[in-house]
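Me: I have a structure open here and would like to go through it bit by bit. Can you help me read it?

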Amino acid sequence: MTSAPAMPFIRPFLLLFAITGLVWCEIRSRRQLYSNLHSPIFDKDHYTVQIAEEVSLGTNVTRIVAHDQDEGSAGSIVYSLQADNDQRSLNIFEIIPDTGQIRTKSRVDREQFAIHRLTVRAEDRGSPSNSATASLVIYVLDMNDHAPQFENAQYLVNVSEVTGVGTVIARLRANDEDDGDNKAIKYSFVTAVEDFRMDPNTGDISVAQPLNREATATYDFIVQAQDQSVNVANRLSSQVIISLPRVRGVL
Ligand SMILES: [Ca+2]
Ligand SMILES: [Ca+2]
Ligand SMILES: [Ca+2]
Ligand SMILES: [Ca+2]
């Protein structure tokens, strides 16, 4: 007499194990799907970028991206910007929340702000959420958008007819709001002046030769201050009139 095969009794158990295993895997995968196990990670802790001043609104500055290994909303990132030094930086730059693209949203003027220090925050949509930050420094590069301006609107200097050659009789000064060569200034006479000399670097005007007693009573001439932009075509200048009434004797 042979015993009945055990298989018919084992099959239901195998089936139950299989179903239990599938349910467990499904629960595990769903738990992983909706669990927020990871924080966003930036490629770098610190980013720097340069941008020319006076670019048009909406100009793309850079794009900063973080990665999150989670799936679903727990791996979906929202970006935001914080100002480290001056809240006004947030009036000039914005970040697109879904992409990390940073762009300008108002005028970028180096003469007002040369350096913007920001923090980029990446936060996932998990519950509770995880987040990470990276620093971003934006350097605004100068363009030559200012002409030198003389300190005075006009200059009137009395000159004695016996003033010796080489004596400095006036010191003209101009200032330029730009940077580097764009603010470096050279001074010159616009019209030829024989009796006086102008130092191109300092703006000092001195007597170049013995003053002629028979000459006109007043010297009127135009003086120019020009910046030294590398691009000669972009150089800017301003002019002012200086009057030098010649008086008798020693002042
Ligand atoms: Ca996450
Ligand atoms: Ca400017
Ligand atoms: Ca400038
Ligand atoms: Ca300039």
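Me: Let's start with Gly58. Which residues does Gly58 touch, leaving out those up to four places away in sequence?
Reply: Gly58 touches Arg103 and Thr104, if residues up to four places away in sequence are not counted. Keep in mind that this is a predicted model.

Me: Ok. Where is Gly58 placed?
Reply: Gly58 lies in the loop between β2 and β3 (60–63).

Me: Buried or exposed, that Gly58?
Reply: Gly58 is exposed, because it has 9 C-beta neighbours inside 10 Å, and the cut-off for exposed is 12 or fewer.

Me: What separates the C-alpha atoms of Gly58 and Arg107?
Reply: A distance of 9.7 Å, although the two are 49 residues apart along the chain.

Me: Back to Arg103. Which residue is its bridge partner?
Reply: Arg103, in β7, is the bridge partner of Asn60. β3 and β7 (residues 101–104) run antiparallel and are joined by three bridges.

Me: What is the strand order in that open sheet?
Reply: The order is β3-β7-β6, three strands with antiparallel pairing. β3 and β6 (93–95) are the edge strands, each pairing on one side only. Neighbouring strands are turned by 20° against each other on average, direction ignored.

Me: New topic: the four strands. What is their order?
Reply: They form an open sheet in the order β2-β9-β8-β5, with mixed pairing. β2 (46–52) and β5 (77–83) each have a single partner strand, so one side of each has no neighbour in the sheet. The twist averages 30° from one strand to the next.

Me: How many bridges pair β2 and β9?
Reply: Seven, in the parallel sense, with β9 covering residues 131–141. Gln50 stands opposite Tyr139 in β9.

Note on methods:
Residues are numbered from 1 along each chain as its sequence is written. Chains are lettered from A and ligands numbered from 1 in the order in which they are written. This is a predicted model: local features need pLDDT of at least 70, side-chain atom pairs count only at pLDDT 80 or more; totals for chains, interfaces and linings use all residues. Two strands pair if DSSP finds at least two bridges between them. Helices (H or I, at least four residues) and strands (E, at least two) are DSSP runs, numbered from the N terminus. Axes are lines fitted to C-alpha atoms, for helices over the stretch in contact, and angles run from 0 to 180 degrees between N-to-C directions. A residue is buried if 20 or more other C-beta atoms lie within 10 Å of its own, exposed if 12 or fewer, and partly exposed in between; C-beta atoms are placed from the backbone. Two residues are in contact if their C-beta atoms, placed from the backbone, lie within 7 Å.
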